[in-house]
Amino acid sequence: MNTAIEKLLNDQIRYESKASLQYLAMAVWADQKGYNGVSEFFYLQSEEERTHMTKLIKFVIERNGNVELPSLEQPKSDFNSLPELFEHFLESEVFVTEQINKVIFECLDKKDYNVHNFMQWYVTEQLEEEATARTLLDKLNIVGDDKSGLYLFDRDINSFDQKDA
Ligand code: FEO
């Protein structure tokens, strides 16, 4: 495997790992505040990001590349509000998308169509995750400070059809 691409894939392993830990911290924050639906949503997101990380690890090994596991960074664990929590979620997803685009660019530059093909799954996944984050943030902006609206948001978050988000 081309060393520049191997490095980018290892960077991506780090970003997915970081997102997984960040969403776990967000789940814990929501759980402690009594937002059970939101915490469930982020526990699940954390699991998904871990899956994204593992999928990359297995691919790099399959391609006979070297995997460097990242050390853990302290995630952000304090938030002022649900909108702040979801703004952070959207920022994190936008960042991951930008990094995936860098991998895609390098694959095309180095003519590594195998990795390019593999990364298409991540491109699709990011489209969905960014759309989900934006829709949830839009809903929260509509609700504003209305406590009954926040209650309903928390109650219903896991029943929104994320694919239509
Ligand atoms: Fe796997 Fe949403 O970044």
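**A guided tour of the predicted model**

Select Q45 to begin: this residue is buried, with a relative accessible area of 8%. The structure in the viewer is a predicted model. Q45 belongs to helix α2, which spans residues 36–62. To view the surroundings of Q45, display Y23, F89 and E129, with which Q45 is in contact once neighbours within four places in sequence are left aside.

Next, select E16 in helix α1, residues 3–33. Which side chain of opposite charge is nearest to E16? That side chain is K55, and it is 11 Å away. A salt bridge requires a side-chain nitrogen of Lys or Arg within 4 Å of a carboxyl oxygen of Asp or Glu. E16 is buried and has no salt bridge. Apart from neighbours within four places in sequence, the residues in contact with E16 are E49, H52, M53, L56, V96, I100 and Y122.

The tour now turns to charged pairs. Side chains of opposite charge can pair when their charged atoms come close. Across the whole structure, a search finds nine salt bridges. Select K7, D11 and R14 together to see a network of salt bridges that links them.

Proceed to E106 and K110, which form a salt bridge whose closest N and O atoms are 2.6 Å apart. E106 counts as buried, because its relative accessibility is 14% and the limit for a buried residue is under 20%. K110, by contrast, is partly exposed, with a relative accessible area of 36%.

Move on to helix α4, residues 113–143, and select E130 and R134; the two are four residues apart and therefore separated by about one helical turn. Their salt bridge brings the closest N and O atoms to 2.9 Å apart. Of this pair, E130 is buried at a relative accessible area of 14%, whereas R134 is partly exposed at 41%.

A further pair is R155 and D156, joined by a salt bridge with the closest N and O atoms 2.9 Å apart. Here R155 is exposed, with a relative accessible area of 53%, while D156 is partly exposed, with 22%.

Rolling a probe the size of a water molecule over the atoms shows where empty space is left. How many cavities of 30 Å³ or more does a search of the whole structure find? The search finds one. The largest cavity has a volume of about 60 Å³. To locate this cavity, select its lining: R14, S17, K18, L21, P70, S71, L72 and E73. By class, that lining comprises three nonpolar, two polar and three charged residues. R14, one of the lining residues, also belongs to the salt-bridge network with K7 and D11.

Key. Residues numbered from 1 in each chain as written. Predicted model: local features only at pLDDT ≥ 70, side-chain atom pairs only at ≥ 80, totals over all residues. Heavy atoms only, no water. Buried < 20%, exposed > 50% of the residue type's maximum accessible area, 1.4 Å probe, protein only. Lys, Arg positive; Asp, Glu negative; His and termini not counted. Contact = heavy atoms within 4.5 Å. 1 Å grid on protein atoms, 1.4 Å probe; cavity = no way out; pocket = protein on both sides within 12 Å on 5 of 7 lines; lining within 4 Å. Points joined across faces, edges and corners; volume = space filled by probe spheres on them. Nonpolar A, V, L, I, M, F, W, Y, C, P; charged D, E, K, R; others polar.
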